Amino acid sequence: MLTSPLNPATRPPALHYTTTPAARTLVLTGQWTLDYFNELLRCLNAERASATPLPDTIDFSELDAIDTAGAQLLHDWLGIRLDLVLSQEPLGLAPERQALLKAVIQAASTLPDADSHERKPRPFTEILGRIGSALEQTWHQVRDLLGFMGVTCEALGRTLFRPSTWRVTAVFAQLEQTAFNAVPIIAMLTFMVGAVVAFLGATILAGFGASIYTINLVTFSFLREFAVLLTAILMAGRTASAFTAQLGSMKGNEEIDALRMTGLDPVNLLVLPRIIALLIALPLLTFVGMVSGILGGMLVCAVSLDISPTMFMSIFQRDIQLRHFVIGMVKAPVFAYLIAIIGCLEGFKVKGSAQSLGEHTTSAVVQSIFVVILVDAVAAMFFMEMGW
Amino acid sequence: MADGPVTIQVRDVTNQFGSHVVHQHLDLDVYKGEILGVVGGSGSGKSVLLRTIVGLQQPASGTVRMGDLMVFPPAGSERQTQRRFGVLFQRGALFSSLTVLENICLPLIEHAGLTRAQAEHLARVKLAMAGLPIKSADQYPASLSGGMVKRAALARALALDPEILFLDEPTAGLDPIGAGAFDDLIVTLRNALGLTVFLVTHDLDTLYTICDRVAVLSQKKVLVADTLPVVETCDDPWVHDYFHGPRGRSARRAAHVSTE
């Protein structure tokens, strides 16, 4: 018999055999724990490689510690033999360790024998499969969006003529978030873009001796396109993502279900105020964008082209008709509706996990920017063809 | 059990949120190898006490020691502490972007330094020990039922074979059969691994069947911490109502029947 080790806490796991004519006994020593996992694995792999026959019984009396990891590795090696040994009351096995071994064996025996791997499809098939599933996904997304538009229109129609069901407070709360708090960023951004456009115009048009037309360039582009487009893109990033995150975390927290169970319509309560708030906010912000973009252009004209603001204003008044302003403005509610609806719909699609919330927030921003630019391009062609 | 060495020592701890004092001069000892049940009314600070002991909540004053490691005031590396205890949070707190199996593998890979294949191999048995079907391994937590989330969280807490297990209402939301099996599992693991279990619970059956000692949190401190027969006779009105109400009586009767 071995004498007791220096310090049982640090004795690595090991095993050896003692043979009597009656039986071969496996003696386990040391720490059969997770801390010594790799030593244990090496030890057992060596044992497997040497192909010695499995022992008849096991002596546990020199075992310092065993945990579930050690028990599992022992079971991996001995398999059904361990069951057999345990049933014969092996040497030195305390009842609590026996209980542990039995618990592990029982758990391990419920598992399938080998980890079955699914056959991987071939690369070409996989590419085709991905294209197919992406197409299908897009189709579903379009269908969902159209369906959701219908739902919101229906809800709007139902509440429109019943002022008692209007959520005025919610609309104003959303309005503060989406409109008022966004004014500085919109003003700043369009001001800078206005200045940049004026610089570009000044540089190019100077070659033709027509730098006075910088005024027309800045005002025309901002009234018709830039103010509304920049505002919409910023709102897509700022508001669509916020809508998705708000509704998504409410969904994850089962708040939406709780609303339904309270007999309240989540579309009426959560979606309509957001849509209405954005329908009001985006035109207002577009106007802010137009004004500050033109101010940016005016500043550049005054500083680098020596065109005084008075001159700028008189040419602006003379050359630019009201219809350009109207064309820019009519697009704003359309963009607002699309952004709000995409943000809310993606929020409803969230499935309770942080991962899903992130995916849908990203998707909401990407989709709404894409749709805004698509609709703007179509509208630009239409208006030009119509000669408006 | 109560004469083993002290594993968790809480001394003179005060916890407060703003002007709201949750614990005042709270003392508690948990002995090695015991299952300590912690009970108390809603809002009596059971979960706060648990969070204080594991180091998630810094007390305003006092000391918390776990084994030879000072939790508060802090000393030593955090990584060292995490290997020594497992926590089952009240709502499971599974990582929602990982599958159940990956949840259990995470501590094995990060702390025990196993390869992914080894970790998955061990994790599958942990999963089965916690009573989850193997097909749930590849599911995400969002698609699990409440009871399954609890079991998966227990499997994750047990992944590193910790010395101390903290359970925050482990059987809440389980059906009675599942709760009973959960209790048995905890006793088996405690006996086999020499675990110390700190169990916050409202489940009187759990208290009567598996707890060695019960600590009652009331009036901002541990009112009494002793074996059940002693705690039952405590002359505090809340304790009396708790253990001598209809649920307490039936749980005690059930426990007596099962031991006879």
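**Two chains, one interface: a quick tour**

Chain B has 10 helices and 10 strands. Those are DSSP runs, numbered from the N terminus: helices are H or I with at least four residues, strands are E with at least two. A word on conventions. This is a predicted model, where local features need pLDDT of at least 70 and side-chain atom pairs count only at pLDDT 80 or more, while totals for chains, interfaces and linings use all residues. Residues are numbered from 1 along each chain as its sequence is written, chains are lettered from A and ligands numbered from 1 in the order written, and side-chain values use heavy atoms, with hydrogens and water left out.

Chain B overall. Of its 260 residues, 54% are buried. Buried means under 20% relative accessible area, with a 1.4 Å probe and protein chains only. Take contacts, meaning heavy atoms within 4.5 Å. Among those in chain B with a separation of 6 or more, 65% join residues 24 or more positions apart.

Now one residue. Thr196(B) sits in strand E8, residues 196–200 of chain B. Is Thr196(B) buried or exposed? Buried, with a relative accessible area of 1%. Leaving out residues up to four places away in sequence, its contacts include Thr7(B), Tyr31(B), Glu163(B) and Leu165(B).

On to the interface. Chain B puts in 23 residues and chain A 26. Together they bury about 2,100 Å², 66% of it on carbon and sulfur atoms. That area is the accessible area (1.4 Å probe) that two parts lose on being put together, summed over both. Which helices of chain B each supply at least two residues to its side? H4 (116–129) and H6 (176–193). H4(B) gives the most, with eight residues. How many salt bridges cross over? Zero, by the rule of a Lys or Arg side-chain nitrogen within 4 Å of an Asp or Glu carboxyl oxygen.

Last stop, chain A. Helix H2, residues 68–78, is mostly covered, with 10 of its 11 residues buried. Among them are Thr68(A), Gln72(A), His75(A) and Trp77(A). Asp67(A) caps the N-terminal end of H2(A), with a side-chain oxygen 3.1 Å from the backbone nitrogen of Ala69(A). Just after H2(A), Gly79(A) takes a positive phi of about 60 degrees.

Methods:
Buried < 20%, exposed > 50% of the residue type's maximum accessible area, 1.4 Å probe, protein only. Polar contact = N/O pair within 3.5 Å; in protein donor to acceptor, adjacent residues only side chain to side chain.
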